[in-house]
Amino acid sequence: MRVPLVSVIIPVYNRANIKPTIDSIVGQTYRNLEIIIVNDGSSKNVSALLEALIRDYNDDRIVYLCQSNKGPSSARNYGLKHSKGSYICFFDSDDIMLPHRIESQIGIMIDKGSDLCVAGLHYKRRNIDVVPSPILEKSCLHSFLLHQDGAFVGTQAWMFTKEPLLNVNGYNESMWSYEDVDLVFRYLIQKSIIVSVLPEVHTIYCDDEADDRLTNLKNSTNARFLYGYVVFYIGLLEYVLSQNLDFKRDYLEVNLRILLKVVSHYHNEIKRLGLLEKINGLNMRINKYDCFLYAKIRLYYLICNIYYYLKDKIK
């Protein structure tokens with residue numbers, strides 16, 4: 001088997017204790033790695049601790065980069081820009097790779113000529129496994145658009161080939177939430193993307209909601225979270241409207257329901273973000289495409305508005 005270089009990119013912000021994560025990557029059975037740690041503007045104290053930790057490893061596979069605080073998407077893109085591997089894993093600084101993770105993914109990707117491989121995740125805090133279905137190999141975009149079969153698992157579970165990542169310019173740096181889902185979506189809609197699936201768990205996702213998580217709302221704001229969420233669904237719906245797809249009506253309905261439920265709950269916040277005009281324009285295009293679907297969705301939106309109005313009144 002070929003042994004191409006795999007780049008593992010890890011953004012860090014004000015988290016000094018990343019040793020368990022680094023240990024899990026250094027200890028991979030697949031050895032041809034570069035481990036790129038991107039310090040996203042951490043404090044001087046945390047930065048000093050990170051630098052000392054990296055020196056202690058004395059492993060020339062570890063690359064340490066620093067930038068001013070620009071957020072997780074920017075940090076990952078910075079790591080991608082400096083990566084030398086032809087395969088890329090994005091990983092969080094509190095998660096754990098099981099020992100055969102990279103060997104298993106690179107093996108199946110080389111064997112099948114895949115562009116993308118998704119493996120199972122264990123959510124530590126919830127104590128559940130998210131196991132992607134083999135059906136993703138045949139219809140990953142379809143499953144993604146219908147929120148089925150584990151296609152929405154975080155990028156901790158994926159391994160990418162580098163060139164298609166560069167084709168979509170990596171992460172959307174304006175997004176502080178849903179940036180991983182947005183990346184996978186834009187990656188998948190490129191032509192001729194081949195997906196492989198490893199249903200076994202290969203990563204432990206900690207999801208601990210600690211203050212030092214890059215995308216934790218305690219570190220960001222509701223506005224940042226809502227912006228990423230809404231921008232993702234607007235982009236997805238615009239793509240579906242622009243394409244001649246089987247199940248187009250189903251894709252529109254499923255994702256519009258999700259978007260409009262959020263809009264009804266956070267209407268004022270989304271208005272302040274300047275996104276309502278885009279959503280209204282999207283609704284008009286959907287009305288033109290299928291007026292019956294539009295009427296059905298507007299009724300759902302009205303019910304959501306009533307629900308949240310009554311909920312606030314009861315409080």
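**Exercise 1. Ile88**

Is Ile88 buried or exposed, and which residues does Ile88 touch?

*Solution.* Start with accessibility. Ile88 has a relative accessible area of 0%. Buried means under 20% relative accessible area, exposed means over 50%, and partly exposed lies in between (1.4 Å probe, protein chains only). Ile88 is therefore buried.

Ile88 sits in strand β4, residues 87-90. Helices (H or I, at least four residues) and strands (E, at least two) are DSSP runs, numbered from the N terminus.

Now list the contacts, where contact means heavy atoms within 4.5 Å. Setting aside neighbours within four places in sequence, Ile88 is in contact with Ser7, Ile9, Leu80, Ser83, Trp158, Met159, Phe160, Lys162 and Leu165.

Last, compare sequence with space. Ile88 and Val6 are 82 residues apart in sequence, yet their C-alpha atoms are 5.8 Å apart.

**Ground rules**

The model is predicted: local features need pLDDT of at least 70, side-chain atom pairs count only at pLDDT 80 or more, and totals for chains, interfaces and linings use all residues. Residues are numbered from 1 along each chain as its sequence is written, and side-chain values use heavy atoms, with hydrogens and water left out.

**Exercise 2. His202**

Where is His202 found, and which residues does His202 touch?

*Solution.* His202 belongs to strand β9. Its relative accessible area is 8%, so His202 is buried. Leave out residues up to four places away in sequence. His202 then touches Ile96, Met97, Leu98, His100, Arg101, Ser104, Ala119 and Gly120.

Tyr13 lies 189 residues from His202 along the chain, and their C-alpha atoms are separated by 24 Å.

**Exercise 3. Helices α8 and α9**

At what angle do helix α8 and helix α9 pack, and which residues meet?

*Solution.* Two packed helices are described by the angle between their axes and the distance between the axes. Axes are lines fitted to C-alpha atoms, for helices over the stretch in contact, and angles run from 0 to 180 degrees between N-to-C directions.

Take the angle. Helix α8 (residues 222-242) and helix α9 (residues 248-265) pack at about 160°, and their axes are 10 Å apart. That makes α8 roughly antiparallel to α9. The classes are: under 35 degrees roughly parallel, over 145 roughly antiparallel, 65 to 115 roughly perpendicular, and the rest oblique.

Now the residues. From α8 come Leu226, Tyr229, Val230, Tyr233, Ile234, Leu236, Leu237, Val240 and Leu241. They meet Lys248, Tyr251, Leu252, Asn255, Leu256, Ile258, Leu259 and Val262 in α9. The residues of this contact divide into 15 nonpolar, one polar and one charged. Here Ala, Val, Leu, Ile, Met, Phe, Trp, Tyr, Cys and Pro count as nonpolar, Asp, Glu, Lys and Arg as charged, and the others, Gly among them, as polar.

**Exercise 4. Salt bridges**

How many salt bridges does a search of the whole structure find? Work through three of them.

*Solution.* The search finds 11 salt bridges. A salt bridge is a side-chain nitrogen of Lys or Arg within 4 Å of a carboxyl oxygen of Asp or Glu.

- Lys19 pairs with Asp23 at 2.9 Å, N to O. They are four residues apart in helix α1 (residues 19-26), so about one helical turn separates them. Lys19 is partly exposed at 40%, and Asp23 is partly exposed at 34%.
- Lys112 pairs with Glu137 at 3.3 Å, N to O. This pair links distant parts of the chain, 25 residues apart: Lys112 is in helix α4 (residues 101-112) and Glu137 in helix α5 (residues 136-145).
- Asp290 pairs with Arg249 at 2.8 Å, N to O. Asp290 is in the loop between α11 (276-289) and α12 (291-314), while Arg249 is in helix α9, 41 residues apart. Asp290 is buried at 15%, whereas Arg249 is partly exposed at 30%. Salt bridges that share partners join Arg249, Glu253, Arg257, Asp290 and Lys296 into one network.

**Exercise 5. Positive phi**

Where do Asn169 and Ser192 lie, and what is the phi of each?

*Solution.* Most residues other than glycine have a negative phi. Asn169 has a positive phi of about 60°. Its place is in the loop between α6 (162-167) and α7 (179-188), and Asn169 is exposed at 62% relative accessibility.

Ser192 has a positive phi near 60°. Ser192 is in the loop between α7 and β9 (195-205), and is exposed with a relative accessible area of 68%.
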